[in-house]
Amino acid sequence: MRRAFALGSEARERRHVSRVSTVTEAAQAPRPGAEGTNAPDERKKVHRAETKTKTPLEAKRQGPTLEDVRTDERVRTYIRAANQQTGAIGYTEHGERHATTSADGARFILRSLGHEARRCELAAISAYLHDIGNAITRDRHGQTGALLVKGILEDLGFTTAELATIMGAIANHEEAEGGLPVSAVSAAVIIADKSDVHRSRVRNPKTTTFDIHDRVNYAATSAEIKVSRKEKLITLDLTIDTEVAPLMEYFEIFLTRMMLSRRAAEFLRCRFALVINNTRLL
Ligand SMILES: [Fe+2]
Ligand SMILES: [Fe+2]
């Protein structure tokens with residue numbers, strides 16, 4: 001069986017997206033379970049952009065959860081502001097949809113690789129919060145976001161070690177800001193974030209005025225993360241409408257993101273593959 005996480009094609013009609021996404025790092029290194037465990041080697045799961053990410057009971061018992069974070073009024077306000085402000089400067093959707101999609105993806109990656117529930121929860125929380133710094137400024141939003149959430153997460157009862165993990169993951173998610181995978185949680189956040197290329201993120205209603213980012217995102221009708229625990233392989237499987245954007249445009253703006261995703265997969269002791277329109281390109 002194979003594990004996969006996908007943005008559904010059902011979102012393709014939504015061109016306007018008003019709302020629509022502990023320890024030391026060495027100790028957090030990926031620990032894929034032993035072969036022959038009950039967990040399947042590979043998984044396939046279809047995820048829709050609007051799906052709510054779920055909180056395992058085990059993670060709930062271990063501390064505050066994503067649900068506690070996402071329902072915090074301060075978090076809601078900052079994510080709304082981040083989305084509004086990135087929109088004001090011409091970026092694609094960076095709000096609840098992207099936060100939730102990234103959270104689901106990060107949790108899915110670590111869970112598929114057999115990581116413990118609390119770490120999966122921290123990955124979901126970090127991914128949910130990763131772009132919140134856009135509420136302050138686009139430039140260095142990873143670092144500002146990490147500091148922005150610190151007090152909130154302290155109030156919610158996260159331990160200092162968990163805070164360090166979450167803040168490190170948020171601050172290291174952006175390739176343009178020198179971000180690098182620094183933990184298993186951070187690696188999962190990077191892959192989940194970079195995989196969220198989809199037409200539902202495009203806010204510009206006029207196709208005639210699309211820039212390259214709008215075109216490439218609009219051209220992506222399906223984005224699916226597949227994890228093969230047995231093969232130690234993480235695959236981003238995209239469907240791109242090449243009549244909307246040629247593949248060269250995808251690589252023009254996404255190559256550095258794919259390189260960082262590959263590095264993140266390697267941190268998780270996996271290889272990274274990019275498949276576009278059924279052809280493996282990386
Ligand atoms: Fe970002
Ligand atoms: Fe992001």
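Colleague: How are α5 and α7 oriented to each other?

Modeller: Two packed helices are described by the angle between their axes and by the distance between those axes. In this predicted model, helix α5 (residues 117-129) packs with helix α7 (residues 160-171) at an angle of about 45°, and their axes are 9 Å apart. The two helices are therefore oblique to each other. Their crossing is right-handed.

Colleague: Which residues of α5 and α7 make the contact?

Modeller: On α5 they are L122, I125, S126 and L129; on α7 they are E162, T165, I166, A169 and I170. By class, this contact of α5 with α7 has six nonpolar, two polar and one charged residues.

Colleague: At what angle do helices α9 and α10 pack?

Modeller: Helix α9 (residues 212-219) and helix α10 (residues 247-267) pack at about 115°, with their axes 10 Å apart. That angle makes α9 roughly perpendicular to α10. The crossing of α9 past α10 is left-handed. I212, H213, R215 and V216 of α9 meet E249, Y250, E252 and I253 of α10. The classes in the contact of α9 with α10 are four nonpolar, one polar and three charged residues.

Colleague: Turning to the strands, why is β4 largely enclosed by the rest of the structure?

Modeller: Burial is judged residue by residue, by counting 20 or more other C-beta atoms within 10 Å. Strand β4 (residues 220-228) has eight of its nine residues buried, so the rest of the structure largely encloses β4.

Colleague: How many bridges join β4 to β5?

Modeller: Eight bridges join β4 to strand β5 (residues 233-240), and the two run antiparallel. E224, for instance, has D237 in β5 as its bridge partner. The strands form a hairpin with four residues between them, and K232 in the turn has a positive phi of about 55°.

Notes. Residues numbered from 1 in each chain as written. Chains lettered and ligands numbered in written order. Predicted model: local features only at pLDDT ≥ 70, side-chain atom pairs only at ≥ 80, totals over all residues. Buried ≥ 20, exposed ≤ 12 C-beta atoms within 10 Å, placed from the backbone. Pairing = 2+ DSSP bridges. Axes fitted to C-alpha atoms, helices over the stretch in contact; angles between N-to-C directions. Parallel < 35°, antiparallel > 145°, perpendicular 65-115°, else oblique. Left-handed = near helix turned anticlockwise from the far one by under 90°. Contact = placed C-beta atoms within 7 Å. Nonpolar A, V, L, I, M, F, W, Y, C, P; charged D, E, K, R; others polar.
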